[in-house]
Amino acid sequence: MDVKDLKTYFYLDDQKVARAVDDVDLTVNAGETVALVGESGSGKSITSLSIMQLINKPGKIVDGTISLLGQNLLNLSDKQMTKVRGNDVAMIFQEPMTALNPVYTIGNQISEVLRKHKKMNKKQARRRAIELLKMVGFPRAEDTFDEYPHQLSGGMRQRAMIAIAISCEPKLLIADEPTTALDVTIQAQIIDLMNEMKEKLDMALLLITHDLGVVAEYADRVLVMYGGQIVEEAPKKRLFKESKHPYTSGLMESLPSIYKEEERLGTIRGTVPPAHSFPKGCRFSSRCPHAMDQCFESNPDLIQLDHEHSVRCYLYTDE
Amino acid sequence: MYKYIIRRILIFIPMLFALSVVVFALSKAAPGDPFTTMLDPNIDRSVFEERKEALGLNDPIPVQYFRWVSSAVQGDFGESIVYNQRPVMDLIKVRFWNTIYLGIVALFFTLIVAIPIGIYSARNPYSLLDYGATGFSFLGLAIPNFFFGLLAIYFLSIQFGWFPAQGTVSGTDVSGLEEFIDRIHHMILPGITLGLAGTATYMRYMRSEVLDVLGSDYIRTAKAKGMSDRNVLYKHTLRNALIPIITLMGFEFGVLIGGAVITEQVFNYPGLGTLFLDAIINRDYPIVMALALIFGIFILVGNLLADIFYSVVDPRIRYD
C-alpha cells in the first residue's frame, strides 16, 4: 500500500482548520510490519482512519492518493469502498471494551463479515468463524461463538477483534494502538498473536503505537509522526541506534535503559500544539532543544539521508 | 431468561398488594361518604346511619379492607352507588376496550411518527427537518392535551369536517368492516391528541439515542468491517438505540391511561377516563377504587412488559 501526500483536515466551527494529517507519505509492503509512532495528538489515528475512509464530519480527506495494489482507494465510490473495508484492509482498534456491539454474539459479528465479503451461507460462516476463534486462541471456540461481548475479558475481546479483522485474510491489517487499553501481561500476548497471524496470512501490518518497546520487538520499519507530519523514517535498527530528528531522540531518551543507572528519564518539554495553530516554522520548533532561527521561519521538507532514512529537520540540510 | 421473567412476576404480587392498600386507604381518607351528595334534609339522619351499618361502612377498617380485597380478586368490585346499583365490573367492561383501543391508536401514532423522524434527525443533525422536528417537539410538549384536542375538533372536525368530533361510532346501523373503519375514524383525533406529548418525547429520545450510538466505537467497527450503511443503521444502531426507548414505553402505558382521563372528556369518548371523572365527581367510591386499582395494574403490567422486552433486546441483563 502506498499513501502519497495525504491531507486530512478538520473544518472547525470557528473557521479554523485543523490540519490533523498534512502531507503524509507512507508505504507498507507485503509481509512488512511498519510502525507509526508519535505521542497523542500527532495524527496517527487520523492517518489510519483516513486509509479506511472512516473520517467523519467535520473532517475531510482534502488531497492525496491511497493506492492498494495499484488501485487508488480515494477514487472508489462509497459502495465500492465497503467492499474494500474488512476485506482487503482490516482494522483493529484501541478500545476492545467498546469496539464490539454489545447486543450481538461474537459469532454473529464474525459471521457477518464472512457472509458479506466471502458470500458464505450461515453454516459455512459459522464453521469458518469457529476456526478463526480457535486460531486466535479461544479454547472453547464453539461456546464462544454464542457468547456476548460482555461475557469476555478485555484481552479476549481484542482476540475476537483480531478474528474479525483477519476473517477475510486482508492484505493489510491496521492496528491502532491495539494494546494500549490492556493489561501489560496481555499486551505481549496480543502483539504476539497479531504477529503470528501476520506471518501465517502473509499480511502487511501497519502498527500504530506509542509503545517503543513494541516497536523494538516487532517493527521492520518505523515512521515517526509529529504534528500531522512524518518527521523521521528509518528501518527499526537504525532508528534506535542513530535517530536524527530531535523529537525522535527525545522519545528515545524517555526510555529507560538497562545499561545505565538513571535518576530521571528524559522528557520532551511541553505538549503537541493543537492542529489548528501550529507554529509558523517547523512544527516541533516550540519544543525543540536545538531550534535555530531558521526553524521558526519555515517548515523543513523531508530530507532523504540515504535510500532508507529520511528526516524533516534543518540540522541535516547541506546548507 | 425464564427465571428472570418468573422472578419479575413474583415481585408483581407484593406490589399489587401495596397498591390495593394505598387505593383503599386513600378512598377511606377522602372526606365524606357516598351519601354526602344525596343528603335529603327531609330524611332522618338515623336512616343514613342504618344504611351505613348495613353496607358495613362502620366496621373496623381492616375488616372493610379484607372484605373489599377478597371480592375484588374475584372480579367483584361491588355496586355503583350512582348508576342505579349496577355492578362496577359491568360498567368497566363496557368501556375497558374503548380505552385500550384508544391507547393502542395513540401509541401506534406515536411510534410511526417519532421513530422515523428521530432517526432522520440523528442522521442529518441541524438539517431543516431536524430543526422542524425539534420545534414540533417543544410545541407538542408545551401544548396541554385538552387544548390541542379542542383545536383539533375546531379545525379538523368543525371547519373541515374530516373527522367526527365525538363518540366511538356514528350509529347502530353500521356493521362488519364498515363499523371497524368507522370506529377507527372516530379514534383518530382523540388518538393523535392523546399521543401528542409522547410523540414529542420519543422523537427527542430517539434523536439523542441514535446520535449517541452512531458515534460509538462499535459502529466504527461495523463500518471498518465493510458493512453497508443500511446494515449499520438497521442492525447495529437501531437495536442499541431502542433499549432506552423500551424503558420509556413501560411508563407510557400508564401515562396514556392517565392522559385518557382528560382526552376522553374532551372528545366525549365513552372510556374508562370519562367513567373515572364522573365517579370522582359523584363520590362513587366503588368505581373510583376499582379504576384506581386497574390504572395501577396498567402501570405495573407496562413496566413488567418493558422489563421482559428489555431483557430480550439487551443480552447484558439476561442473567442478572
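How many residues does the contact take from chain A, and how many from chain B? I started my notes there, keeping in mind that this is a predicted model.

**Entry 1: the contact between the chains.** I found 28 residues from chain A and 21 residues from chain B in the contact. For the area buried between chain A and chain B I noted about 2,200 Å², and carbon and sulfur atoms give 57% of that.

**Entry 2: polar links.** I counted 14 residue pairs in polar contact between chain A and chain B, both at pLDDT 80 or more. I also noted two salt bridges between the chains. In a salt bridge, Glu112(A) meets Lys235(B) through their side chains, at 3.0 Å from N to O.

**Entry 3: who sits on the chain A side.** I listed the elements that give two or more residues to the side touching chain B: helices H1, H3, H4 and H7 and strand S6 of chain A. H4(A) gives the most, with six residues. By type, I got 15 nonpolar, nine polar and four charged residues on that side.

**Entry 4: a stop at Ser42(A).** I found Ser42(A) in the loop between strand S3 and H1 of chain A. Is Ser42(A) buried or exposed? Its relative accessibility is 1%, under the 20% cut-off, so Ser42(A) counts as buried. The side chain of Ser42(A) reaches the backbone oxygen of Glu39(A) at 2.7 Å. Leaving aside neighbours within four places in sequence, I saw Ser42(A) in contact with Ala20(A), Met225(A), Tyr226(A), Gly227(A) and Gly228(A).

Notes:
Residues are numbered from 1 along each chain as its sequence is written. Chains are lettered from A and ligands numbered from 1 in the order in which they are written. This is a predicted model: local features need pLDDT of at least 70, side-chain atom pairs count only at pLDDT 80 or more; totals for chains, interfaces and linings use all residues. Side-chain values use heavy atoms; hydrogens and water are left out. Contact means heavy atoms within 4.5 Å. Buried area is the accessible area (1.4 Å probe) that two parts lose on being put together, summed over both. A salt bridge is a side-chain nitrogen of Lys or Arg within 4 Å of a carboxyl oxygen of Asp or Glu. A polar contact is a pair of N or O atoms within 3.5 Å; within protein, one must be able to donate a hydrogen and the other to accept it, and residues adjacent in sequence count only if both atoms are side-chain atoms. Helices (H or I, at least four residues) and strands (E, at least two) are DSSP runs, numbered from the N terminus. Ala, Val, Leu, Ile, Met, Phe, Trp, Tyr, Cys and Pro count as nonpolar, Asp, Glu, Lys and Arg as charged, and the others, Gly among them, as polar. Buried means under 20% relative accessible area, exposed over 50%, partly exposed in between (1.4 Å probe, protein chains only).
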